[in-house]
Amino acid sequence: MTTTTPDAPAAPIAASLRRLYFVRFGFAIVWAIIVGLSAASITPLSATLLVIYPVFDLVAAVVDHRASRATRPAGLLYVNMALSALAAVGLIVAVMSGRSAVLLVWGLWAVTAGAVQLIVGISRRSLGGQWPMILSGGISVLAGVAFAVQSGNAAASLVGLAGYATLGGIFFLVSAIRLNRTATGAAR
């Protein structure tokens, strides 16, 4: 006789999210280091990196959607994909206008994408390991407001984006570790 627990369908989703979160952690840390070292001015390298981040976020949202399309946040993942695509296009334009424009676009994206991440994290609480995602979404909203405000400063710096990515990466790492219990079918 086979018995199923309510967690059985969650285990494959949790395992996929866990792998994705580990990849997102690695990407965020490497990206942050390179941006931190090249953020003094907008060069072809830093411009490329600025656009790559939301493109990577878009790809991660597609992977997330494929892993969890039967769950409630599927529609929100489409919203996240659209926001990331708009951010990438906005950043292509913004890098030609300067740091202030980059910070404004990044700030608007962080506010909107952070709100979506917060809602998705809340809706996935039953998977476990989502409190770091909930906190990250809330912090992203606050950081986005700070970036938008900073964009009005003539001495605006892009270095804060490296810190933002690092903190986000750490939240992905913590969430991936916490998802291990659900992914392996352990009781919460």
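Student: How do the axes of α2 and α3 cross, and within what distance do they come?
Tutor: In this predicted model, the axes of α2 and α3 cross at roughly 165° and come within 8 Å. That makes α2 roughly antiparallel to α3 (angles over 145 degrees; under 35 is roughly parallel, 65 to 115 roughly perpendicular and the rest oblique). Axes are lines fitted to C-alpha atoms, for helices over the stretch in contact, and angles run from 0 to 180 degrees between N-to-C directions. Helices are DSSP runs (H or I, at least four residues), numbered from the N terminus.

Student: Which residues of α2 and α3 make the contact?
Tutor: The α2 side includes L50, V51, P54, V55, D57 and L58, and the α3 side includes A74, L77, Y78, N80 and M81 (contact means heavy atoms within 4.5 Å). By class, this contact of α2 with α3 has 16 nonpolar, four polar and two charged residues. Ala, Val, Leu, Ile, Met, Phe, Trp, Tyr, Cys and Pro count as nonpolar, Asp, Glu, Lys and Arg as charged, and the others, Gly among them, as polar.

Student: What about α3 and α4, at what angle do they cross?
Tutor: The axes of α3 and α4 cross at roughly 175° and come within 9 Å. These two helices are therefore roughly antiparallel to each other. Among the residues that meet are L76, V79, N80 and L83 in α3, and A101, V102, V105 and W106 in α4. The contact of α3 with α4 has 15 nonpolar, four polar and no charged residues.

Student: And α2 with α4, how far apart are their axes?
Tutor: Helix α2 (residues 44–68) and helix α4 (residues 99–123) have axes 12 Å apart and pack at an angle of about 15°. They are therefore roughly parallel to each other. On the α2 side, L50, Y53, P54 and D57 take part, and they meet V102, W106 and W109 in α4. By class, those residues divide into six nonpolar, no polar and one charged.

Student: Switching topic: how many cavities of 30 Å³ or more are there?
Tutor: A search of the whole structure finds one. The largest cavity has a volume of about 50 Å³. On a 1 Å grid over the protein atoms alone, a cavity is a set of points where a 1.4 Å probe fits but cannot get out, and a pocket is an open set with protein on both sides within 12 Å along at least five of seven lines; lining residues have an atom within 4 Å of a point. Points are joined across faces, edges and corners, and a volume is the space filled by probe spheres set on them.

Student: Which residues line the largest cavity?
Tutor: R24, F27, A28, Y53, F56, D57 and F172 line the largest cavity. Helices α1 (10–38) and α2 each supply at least two of its lining residues. The lining has five nonpolar, no polar and two charged residues.

Student: How much space lies in the largest pocket, and what is closest to its centre?
Tutor: The largest pocket holds about 460 Å³ of space. It is lined by 29 residues, and R24, D57, A113, Q117 and F172 are the closest to its centre.

Student: Which helix gives the most to that lining?
Tutor: Helix α4 does, with seven residues. The lining of the largest pocket divides into 17 nonpolar, eight polar and four charged residues.

Student: What are the rules behind these values?
Tutor: Residues are numbered from 1 along each chain as its sequence is written, and side-chain values use heavy atoms, with hydrogens and water left out. Because the model is predicted, local features need pLDDT of at least 70 and side-chain atom pairs count only at pLDDT 80 or more, while totals for chains, interfaces and linings use all residues.
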